[in-house]
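Q: I'd like to learn how to read helix packing and nonpolar cores in a model. Could you walk me through one?

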Amino acid sequence: MAACALRLQRSCGLRIGELLDLELDCVHEVPEQGAWLKVPLGKLESERMVPLDENILELIDHIIEIRSPGQPLPHPRYRRPAQFLFTHHGRRLSQNAVRDELQRAADTAGLGHPTPRQLRHASATALANAAVSRQALMALLGHVSAEMSLRYGRLFDTTIREEYERALTLAKLRASIPATARTSLPLADITRGADWKTTPLIKSRLAGGFCLRAPAQGACTYANICEHCPSFHADANSLPVLAAQRVDAHALAQDAEERGWISEAARHHKLIARLDALIDQAQAG
């Protein structure tokens, strides 16, 4: 049971208190918007809904099958009788049981001393690396002020679900690809149909295309390496390509500055200076 609880926490980015306070009827089917997990009031006194995919639904179904049925137990917040999702031998699953199971798994894997909170961070990192928007990420993780009261209808936000499903698909694909593999993700899945130059990713304009990388990956060591190589030469036939590349590099430098990516902006400005030299060289023949 504790192992299943850890899997659900990692999948949904829950705090451990939110996880163990889940009630048996925590899954809600919303017409035309799929299944959502109702996360109870937690650390910030806020309630939220997290979209669920088929894998998580199967996990919750399995938890319901193996949980210990019994009499309703007092809810720690409301004191009303409640049927909790995680029960074992007639009692609620404890935080210590979850932490002990996590430590057993860590010992088996030869790791140190992880905490359940790190599973929440891992979930958030995976979504952030898949370029989910900050607004959607805040909603999924319940990062709202204690004074803010969320209306129940707003919890089923279609934009949040679209962001979540796109990011989850991308995160799963990346997790399933060996480090040595080469793959080309559909551009529409990465940019959601927007201009690649405005996506919240690290971007490089290349002579024959462009490169998009998640911020957590950092800038590519080989970005625009050919343009900076002393053996690289350009002639008059290359002027349109160089001019177009310079326009994009200037736009990318502005984008990086607005996002606070100072070193990334500096890299683009360095490329602009190099392109100016190449354009002068090409014009001089």
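Q: How many residues does the largest nonpolar core have, and which of them have the most contacts inside it?

A: Keep in mind that this is a predicted model. Its largest nonpolar core has 35 residues, and L8, L22, L37 and F86 have the most contacts inside that core.

Q: Which elements supply at least two residues of this core?

A: Here's the list: helices α1, α2 (16–20), α3, α4 (95–109), α5 (116–129) and α6 (134–141), plus strand β2 (34–39). The biggest share, 6 residues, comes from α1.

Q: What does L8 touch, leaving out residues up to four places away in sequence?

A: With those left out, L8 touches L19, L22, L85 and F86, along with I56, L59, I60 and I63.

Q: Where does the other core lie?

A: Apart from that one: it has 9 residues, including L271, L275, I279 and A282.

Q: Now the helices. At what angle do α1 and α3 pack, and how far apart are their axes?

A: In general, you describe two packed helices by the angle between their axes and the distance between the axes. Here α1 (residues 2–12) and α3 (residues 54–66) pack at about 155°, with axes 10 Å apart. Angles over 145 degrees count as roughly antiparallel, so α1 is roughly antiparallel to α3.

Q: Is the crossing of α1 and α3 left-handed or right-handed?

A: That crossing is left-handed.

Q: Which residues meet there, in α1 and in α3?

A: From α1 you get C4, R7, L8, S11 and C12; they meet I56, L59, I60, H62, I63 and I66 of α3. Sorted by class, this contact has 8 nonpolar, 2 polar and 1 charged residues.

How values were computed
Residues numbered from 1 in each chain as written. Predicted model: local features only at pLDDT ≥ 70, side-chain atom pairs only at ≥ 80, totals over all residues. Heavy atoms only, no water. Axes fitted to C-alpha atoms, helices over the stretch in contact; angles between N-to-C directions. Helix = DSSP H or I, 4+ residues; strand = E, 2+ residues; numbered from the N terminus. Parallel < 35°, antiparallel > 145°, perpendicular 65-115°, else oblique. Left-handed = near helix turned anticlockwise from the far one by under 90°. Contact = heavy atoms within 4.5 Å. Nonpolar A, V, L, I, M, F, W, Y, C, P; charged D, E, K, R; others polar. Core = buried A, V, L, I, M, F, W, Y, C linked by side-chain atoms within 4.5 Å. Buried < 20%, exposed > 50% of the residue type's maximum accessible area, 1.4 Å probe, protein only.
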